[in-house]
Amino acid sequence: MPLPRLLVLFGSQTGTAQDVAERLGREARRRRLGCRVQALDSYPLVNLINEPLVIFVCATAGQGDPPDNMKNFWRFIFRKNLPSTSLCQMDFAVLGLGDSSYTKFNFVAKKLHRRLLQLGGCAVLPVGLADDQHDLGSDAAVDPWLRDLWEKVLTLYPVPPGLDVILPGVLLPSKFTLQFLQEAPRTCFEDTQARVDPKGPPSELQPFLAPMVSNKRVTGPSHFQDVRLVEFDITGSGISFTAGDVVLIQPENAATHVQRFCQVLGLAPDRYFTLQPQESEISCPAQLPQPCSVRHLVARYLDITTVPRRSFFELLACLSPDELEREKLLEFGSAQGQEELYEYCMRPRRTILEVLCDFPHTASAIPPDYLLDLIPPIRPRAFSIASSLLAHPSRLQILVAVVQYRTRLKEPRRGLCSSWLASLDPGQGPVRVPLWVRPGGLAFPKTLDTPVIMVGPGTGVAPFRAAIQERVAQGRIGNFLFFGCRQRNQDFFWEAEWQELEERGYLTLVTAFSRDQEQKVYVQHRLQQHGPLVWDLLDRQGAYFYLAGPL
């Protein structure tokens, strides 16, 4: 008998919604249900009318925006010409992941739930609204919602006769098998320096390997933060962008972390394997070459320095042969152990690699087949583009604050992408960085005479530099920049460039250096001081007002 089928579709910006969706997939398999888990934009939407039961797991990004991997779906589902009976044969449920500190809390999930009802879908549950601000995080709402969901689903699709629900402590089969080769392949595609058969502009599946031209520190040597101006050569890439767009960069793990991970798990980094899906509907990650080395998998795909989620501990407990370690892992993976997990992992920002070092007997026993089930992929990082092609043809610049901070752990916490970029030195030899561009959230006026007011403290000034360069190249005046930083002589980015544009009459610059005098002064104080000017620009001249960066 074929298993009843369930479809789980997710829209995820940071990985949380994807993690919950994959948890749904595991729990479905434990209830003897066939289950596919896919990002919304990777699912062929014409098939939706044939799906009997669909669970949507959706995050809300920014100010009520859908995540990047469901934007095409979002445009499609709100087309006005869709008949009101389009989904009349579909049962559905919507689970939203949001943050109540934002005005549009779980906006995407609420709006999607209403729209699916309008199209004739039948809701098996009220929309679930998880809140990251809860003391126990989103699990406080997700756990009871899932209990209600499975109770409802099992009335629709009971466990087949002669079979039982697979208990939580029982290990499910891995998604993939790693078939190790006896020797390294003669041809290797891991370090290909050009896109294969490029169609259209670079994308996440086919990034452009951009040569790094320069990597300069632009804060003073005594300044507490290392900020870099990084420039790439995009000649021949097919990349184009305008002010307000963002570049996405795919980072790598540090070599020392890769070496330590392989040691703890007993992996030979130079061994090669081919990846085989265990189920016909699961495809291999497009970012991994076939065959692939363990070093490539760990360095460029597995996010070993992220803070692990609860699902990590649930699976790790199933894999543990050590009674004491397994007992602790089970506690961290349980609903009752979330406060202790927060203190152990979330609060100090302990990484997956550090957790594995704390559980050495378990780590050394992890079957390689489970690596992709256990550890999420490295996600690309987005940076505002800080230059204009009109001012710097064939070049793309970003302003990168290198993330480093301390918790109660001995080692400082470091941002994966910013630390990796800071470590690259094109002066020591060719450096290439995988990147692609997508539209950003800032759109500047098309009319020549519309003024723009830009408030960009710190690295928040990056997209405004791109805008000012673009507007100056087009001969537009009426550019007003409010810039704030700590000290004029330490972190005043592009000081000479702003002064030159002021002298040429293209820019009005207002600065706030918070630590250069006894009483702290911020950009909001300067806005208040220049209130009459700002109001005149907005009210009488129809100026656009933009804000970016920390305030």
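User: What is the basis of the numbering and of the values?

Analyst: Residues are numbered from 1 along each chain as its sequence is written, and side-chain values use heavy atoms, with hydrogens and water left out. As the model is predicted, local features need pLDDT of at least 70 and side-chain atom pairs count only at pLDDT 80 or more, whereas totals for chains, interfaces and linings use all residues.

User: Why is F493 called buried?

Analyst: Buried means under 20% relative accessible area, exposed over 50%, and partly exposed in between, with a 1.4 Å probe and protein chains only. F493 has 4% relative accessibility and therefore counts as buried.

User: Why does W494 count as buried?

Analyst: The relative accessibility of W494 is 12%, so W494 counts as buried.

User: What makes the pair of F492 and F513 edge-to-face?

Analyst: Rings of Phe, Tyr and Trp (its six-membered ring) pair if their centres lie within 6.5 Å; planes under 30 degrees apart count as stacked, over 60 as edge-to-face and the rest as tilted. The centres of F492 and F513 lie 5.2 Å apart, with 65 degrees between the planes, and the pair is edge-to-face. This pair links distant parts of the chain, 21 residues apart: F492 is in the loop between helix 15 (488-491) and helix 16 (495-503), and F513 is in strand 20 (residues 507-513). Both F492 and F513 are buried.

User: Why is the pair of F493 and W494 edge-to-face?

Analyst: The ring centres of F493 and W494 are 6.4 Å apart and the planes stand at 65 degrees, so this pair is edge-to-face. F483, F492, F493, W494, W498 and F513 form one aromatic cluster.

User: What makes a set of residues a nonpolar core?

Analyst: A nonpolar core is a set of buried Ala, Val, Leu, Ile, Met, Phe, Trp, Tyr and Cys residues joined through side-chain atoms within 4.5 Å. The largest nonpolar core has 43 residues, and F261, L265, L297, L302, F313, L356 and L371 have the most contacts inside it. Apart from this core lies another, of 29 residues, including F444, A462, Y506 and A548.

User: Which residues lie nearest the centre of the second largest pocket?

Analyst: They are G458, G484, C485, R486 and P550, among the 23 residues that line the second largest pocket.

Terms used: 1 Å grid on protein atoms, 1.4 Å probe; cavity = no way out; pocket = protein on both sides within 12 Å on 5 of 7 lines; lining within 4 Å. Helix = DSSP H or I, 4+ residues; strand = E, 2+ residues; numbered from the N terminus.
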